[in-house]
Amino acid sequence: MAAPVAKLALKGVHKRFGDKVVLDGVDIEVAPGKSLVIIGGSGQGKSVTLKIAIGLMRPDSGYVAVDGADTTELSQRARAENNRKFGMLFQGAALFDSLTIWENVAFRLLNADKVARKEAKARAIESLARVGLPASVAELYPIELSGGMQKRAGLARAVAATPDILFFDEPTTGLDPINADVINDLIVEQVKRLGCTAVSITHDMASARKIGDEIAFLYKGKILWRGPAAEIDRTGNPYVDQFVHGRADGPIRPEV
Amino acid sequence: MNPVQAVGRSTLGFLRQAGAVVIFAARGVAGLLGPPFFFSQFLRQLMAIGYLSLPVVGLTAVFTGAALALNIYTGGGRFNAEQIMPQIVALGITRELGPVLAALMLAGRVSAAIAAEIGAMRATEQIDAMETLSTDPFRYLVAPRLLAATLTTPLLTLVADIIGVAGGFLVATQSLQFSGPIYVQNTWNFLTSWDIVSGLIKAAVFGFIVALMGAYHGYTASGGARGVGRATTHAVVSAAILIFASDYVLTSLFSGKS
Ligand SMILES: Nc1ncnc2c1ncn2[C@@H]1O[C@H](COP(=O)(O)OP(=O)(O)OP(=O)(O)O)[C@@H](O)[C@H]1O
Ligand SMILES: [Mg+2]
């Protein structure tokens, strides 16, 4: 049977820091055009998984493949080329605080693609409009924006160069419920518009239901459950149930 | 832990750190060798490292030159050699104090600033973000700083040399009854171009060290705000120590020549 090549695949990924095993054989496949949400408790290695997927960290063993090609060991130059397929919204937005908002959004255009400033600015303002930010914020610096607006600007930067795969690291944490929902809507809208594959991590269940086609549950360094987002409430898995309903009692004991 | 183990462990730790610094420096320098070169970043750093350090370096030099003149005058007086004070001051400033003091002020001002800025970028994932935007942080952040510091420190040192000698001149003419024209003439006739050039070569090496220590400690910072603070301290201390150590090495290399 000829299964379609996964857009992104992690196979047998292990990662430890000193004596602490964080990832203990993670397998993830995301089909083209699908949106996968990885949920899991604090410190379970969600951010580490994402960093390995995007090549910011090397796994101790196992591999990462994008479009079927192994990307675990790439030269700096090949990695920069491969990164053109990616867009990422970081947990704290990670805007460059020495640059204006439009220079942030146009960073790849200005610095990697060497697009002229005038055109880059026009495209940045277009990108900002897509996430509901007016052209007047273009000249502001990141610290002049609220957290929610920074997340939007971060999203504008991630989608500015029409990526194939979008990564979201806790897109809604730190936002009020209304702003969180606005970000969720924007994510869904942008993923649909670009027709791209999305991988998100979150511990916000409302967000997971809204932006995920599929949900994977990461626990103790492994993917414990994975299935369609619609089935998250009837997994029959006590660990997933406890997490989804946010109960203190159950098989998961928060580590202290 | 027994003492042999302790010594072994800290030696290994030191060697590992030294190796990491060398690899870091090589990556930074390699970033200068081919395109892309981020010229606007380089200009920004020339301004921040060079131009904005002028007041600090100038003030340090004028007071040091003045104090040096007084000390050498007093000391020289013990064997009736007060009159060669201008020459000794000029030699001391150009060969040693100009480059070393300028570099130390830069270690305080520039290494710290670079470590704090890059460290904060590391802590807030801005460096990760840069990589995902297909831009090599070594080329964008590290290389322009290394080049700017290596080029501007000799220029700052030249300024320090002039101001330092002027400090000596002021003390000599205002409170020690030296004649102005003779002071200038003695200094000028005595100094060789190598006195000045050797100081400037040292300065270039010190400038590289200043930027390298700031960038290295900032780039490898971990652990949030405290980590950034630690990186800043380490950058300043290690830059200062490396400046003194390389000063001795360079001085002994140069000492055969005149
Ligand atoms: N660079 C690193 N060096 C050492 N340990 C690390 C590093 N990065 C992550 N860890 C450790 O790996 C574990 C997983 O971290 P990670 O950031 O992936 O958690 P997470 O699931 O994203 O949690 P959260 O929901 O709180 O963001 C943590 O215990 C953390 O201390
Ligand atoms: Mg995280």
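Which polar backbone atom lies 3.0 Å from an oxygen atom of ligand 1? That atom belongs to A:Gly45.

## Basis of the model

This is a predicted model, in which local features need pLDDT of at least 70 and side-chain atom pairs count only at pLDDT 80 or more, while totals for chains, interfaces and linings use all residues. Residues are numbered from 1 along each chain as its sequence is written, chains are lettered from A and ligands numbered from 1 in the order in which they are written, and side-chain values use heavy atoms, with hydrogens and water left out.

## Ligand 1 and chain A

Ligand 1 is surrounded by 15 residues (a residue is near if one of its heavy atoms lies within 4 Å). A:Lys20, A:Gly43, A:Lys46, A:Ser47 and A:Val48 are the closest. The shell consists of 4 nonpolar, 8 polar and 3 charged residues. In this scheme Ala, Val, Leu, Ile, Met, Phe, Trp, Tyr, Cys and Pro count as nonpolar, Asp, Glu, Lys and Arg as charged, and the others, Gly among them, as polar. Strand 2 (20-30) and helix 1 (46-53) of chain A each contribute at least two shell residues, and helix 1 of chain A gives the largest share, 3 residues. Helices (H or I, at least four residues) and strands (E, at least two) are DSSP runs, numbered from the N terminus.

Polar contacts here are pairs of N or O atoms within 3.5 Å. The side chain of A:Ser42 has an N or O atom 3.0 Å from an oxygen atom of ligand 1. For A:Gln44, a backbone N or O atom is 3.3 Å from a ligand 1 oxygen atom. Ligand 1 taken alone exposes 630 Å², and the protein buries 62% of that (Shrake-Rupley method, 1.4 Å probe).

Chain B has 9 helices and 0 strands. Its C-alpha atoms fill a box of roughly 65 × 55 × 35 Å along the principal axes.

The axes of helix 1 (residues 3-33) and helix 8 (residues 193-219) of chain B come within 10 Å and cross at roughly 110° (lines fitted to C-alpha atoms over the stretch in contact; angles run from 0 to 180 degrees between N-to-C directions). Helix 1 of chain B is therefore roughly perpendicular to helix 8 of chain B (65 to 115 degrees). Contact means heavy atoms within 4.5 Å; the residues that meet include B:Phe24 in helix 1 of chain B and B:Leu212 in helix 8 of chain B. The residues of this contact divide into 11 nonpolar, 2 polar and no charged.

## Backbone details

Most residues other than glycine have a negative phi, and most peptide bonds are trans. A:Ala93 has a positive phi, near 75°, and lies in the loop between strand 6 (86-89) and helix 3 (101-105) of chain A. B:Pro35 and B:Pro36 are joined by a cis peptide bond, with omega about 0°. B:Pro36 sits in the loop between helix 1 and helix 2 (39-50) of chain B.

Key
Polar contact = N/O pair within 3.5 Å; in protein donor to acceptor, adjacent residues only side chain to side chain. Parallel < 35°, antiparallel > 145°, perpendicular 65-115°, else oblique.
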